[in-house]
Amino acid sequence: MPDTSNTSANAPTADEFDVVVIGAGPAGENAADFAIRGSDRTAAIVETELIGGECSYYACMPSKALLRPVDVVHTAEHLGGVTGARLDRAALLARRDDWVSHYDDSGQAHWAEQAGITVLRGRGRITGDRTVSVEPADSGAGDPHDGDPHDGESGDSGDDGDSAARGDRRAARTVRARQAVVIATGSTAVIPDPFTDLNPWTSRDATGIVEVPDRIAVIGGGVVACEAATWLAALGATVTLLVRGNRLLAAAEPFAGDAVADGLRAAGVDVRLDTAVRAAAREEVADTGLGKVHGGPVELTLDPGGNLTVDEVLVATGRRPATAGIGLETIGVDEKALHGRTTGGELPGWLYTVGDVNGVAPLTHWGKYQGRQVGRLIAARADGGPEPGQPHHVPVPQVVFTDPQVAWVGQTEQQANDAGASVRILRAAYTSAAGAGLLRDDAAGTAQLVVDNDSGVLLGATFVGPDVAELLHAATIAIVGKVPVEALRDAVPSYPTASEVWLRLIDP
Ligand SMILES: Cc1cc2nc3c(=O)[nH]c(=O)nc-3n(C[C@H](O)[C@H](O)[C@H](O)COP(=O)(O)OP(=O)(O)OC[C@H]3O[C@@H](n4cnc5c(N)ncnc54)[C@H](O)[C@@H]3O)c2cc1C
Ligand SMILES: NC(=O)c1ccc[n+]([C@@H]2O[C@H](COP(=O)([O-])OP(=O)(O)OC[C@H]3O[C@@H](n4cnc5c(N)ncnc54)[C@H](O)[C@@H]3O)[C@@H](O)[C@H]2O)c1
């Protein structure tokens, strides 16, 4: 137990903080920041790997750093007036390395210290009521994965403001939270049978790619699989995408998955739907490190499809909440109690969750949103002020950075129907807006709104086509603002922009 003998109400000891956050990904960073900003409250954030989390080093940032040049080259290849655009493999990987700050998190640690958040290096484990043990991390000083993210709101310089944190690595210590403990431990990749003994690539290897396998099988038809297949093919790998379901991006509108399958095929990817992997074998399994081929060839037995030999397998079959070893049993909380909630329910009043670990929507912007919400709630409770309202039915946006891009928010047609809504569907070809056609000579795609017949407001929107990512927020605003679709007639889009597709949707 921590020594609290000298504790007065307003003077925390070195081992006592108002808020202790376990996990320094984007969700945890925001929770810590919003819980203490503008106050004299104290916060510690416990991190076993890199300040900035999966997103900054192994997920969002490296994948988008790889995908943007691919998109630009694809666009240039289909844009009259441009010749000679090509991808430079070494320069592309170097760009990725820059965006992950060479796996050095000193800039992000510096941001935390500047924000008044104490960084504690080590593995956090709840050991009792408001108490967290910080145990030496598996990776100590000198770990090649130590490193600075480019998550817009935080890390800035390469300064190392982290000497206290270094000291924290050496031994276990126990810290106590006076107000709140926030679990923000993220998620980990699922590796199902029959891949467990192959040391296959996970998304970390795909984003941290160093060696481009000649032949790679990508397992799964979700976002990771589709995005990774895009950059792997662009880097020169022969990619076979093995999808057990009958379409890609099953969470999106069917026309979105169909368009991405067409785009991947056009890029040379062998997309095999309705294909299961019955067995997988690799004679030589090697621990070569991040982004290098992990051994000899892999033999896959497919159903249907016979055998397939590849040099590497990327398993992209989803993620699970990272709850192992965080000590929930010491406070009598079942890990299921974390699912779908940030506070309340079976959680003790001092315990909160944010980000992937609660499984609501495993997306960085969602984790950051929850982090802001939970941080404000902790602050309000500490101040004894009115608690901020907890809004319901906030629509989740998502962008998939494939070619074509896919962007959607809120409910799909199917989801709206399943929820019992009476809806009408407004759909238009993306290129019905002149501005969309100007983006690429081969521009194509679809825009769709799901409109509630009773209220006349938007329930969901999906856009497929070049550069649709930046179209999405208009739909998000319309849903959150409950703007009647009729009223959108007075929202005049500039000419000639892709946003004019809104006119085609509303006034066909
Ligand atoms: C390849 C890929 C690409 C993605 N691209 C996007 C994208 O473009 N846009 C998007 O919105 N989302 C994207 N995502 C999803 C996004 O990465 C996650 O939703 C996001 O990282 C979740 O943030 P988080 O803070 O909850 O968890 P994480 O970012 O996973 O951070 C959790 C942190 O907790 C630490 N931790 C875990 N256990 C402990 C412990 N016991 N003690 C101390 N520390 C601990 C971990 O080391 C980690 O640093 C992508 C995911 C993948 C796999
Ligand atoms: N651009 C982005 O916002 C972005 C990018 C990458 C990842 N992410 C997020 O990260 C999370 C994880 O992505 P993901 O693609 O790993 O998961 P996912 O859940 O989106 O897709 C998993 C895929 O694997 C398949 N699958 C599951 N188990 C399987 C098995 N045993 N054998 C064969 N196939 C199997 C599923 O049918 C599905 O096609 C998602 O929530 C995603 O939204 C977001």
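UniProt, in an unreviewed entry, lists residues 396-502 as "domain: Pyridine nucleotide-disulphide oxidoreductase dimerisation"; UniProt positions follow the numbering used here, feature names are shortened, and annotations may be inferred rather than shown by experiment. Over residues 396-502 the chain is 21% helix and 30% strand, with its end C-alpha atoms 20 Å apart. Before going further, keep in mind that this is a predicted model: local features need pLDDT of at least 70, side-chain atom pairs count only at pLDDT 80 or more, and totals for chains, interfaces and linings use all residues. Residues are numbered from 1 along each chain as its sequence is written, while chains are lettered from A and ligands numbered from 1 in the order in which they are written.

Now step back to the whole protein. It has 14 helices and 21 strands, where helices (H or I, at least four residues) and strands (E, at least two) are DSSP runs numbered from the N terminus. The radius of gyration is 24 Å, close to the 23 Å that the globule rule gives for 508 residues, so the protein is as compact as a globular protein of that length. (The radius is taken over C-alpha atoms, and the rule is 2.2 Å times the number of residues to the power 0.38.) The C-alpha trace spans about 70 × 60 × 40 Å along its principal axes.

What about the inside? Of the 508 residues, 48% count as buried, meaning that 20 or more other C-beta atoms lie within 10 Å of a residue's own; 12 or fewer makes it exposed, anything in between partly exposed, and C-beta atoms are placed from the backbone. The largest nonpolar core has 137 residues, a core being a set of buried Ala, Val, Leu, Ile, Met, Phe, Trp, Tyr and Cys residues joined through C-beta atoms within 7 Å. Its largest share, ten residues, comes from α8. Val 20 is among the residues with the most contacts inside this core. Beyond its neighbours within four places in sequence, Val 20 is in contact (C-beta atoms, placed from the backbone, within 7 Å) with residues including Ala 44, Val 46 and Val 132.

Helix α8 turns up again at ligand 2. There, 22 residues form the surrounding shell, with Pro 192, Gly 220, Gly 221, Gly 222 and Val 224 the closest; a residue belongs if its C-beta atom, placed from the backbone, lies within 6 Å of the molecule. The elements giving two or more residues are α8 (223-234) and β17 (397-400), and α8 gives the most, with four.

Ligand 1 is surrounded by 37 residues, the closest being Gly 23, Gly 25, Gly 53, Gly 186 and Gly 355. Among the elements that each supply at least two residues are α3 (60-77) and β4 (123-128). UniProt's unreviewed entry also places a "binding site" feature at positions including Lys 64 and Gly 124. Lys 64 lies in helix α3 and counts as partly exposed because it has 18 C-beta neighbours inside 10 Å. Gly 124 lies in strand β4 and, with 29 such neighbours, counts as buried. Leaving aside neighbours within four places in sequence, Gly 124 is in contact with Ile 22, Val 46, Val 132, Val 134 and Ile 326.

One last stop is helix α5 (residues 106-114), which is mostly covered, seven of its nine residues being buried. Trp 111 is one of those buried residues. After α5 comes Gly 116, whose phi is positive, near 85°.

Technical notes. Two residues are in contact if their C-beta atoms, placed from the backbone, lie within 7 Å.
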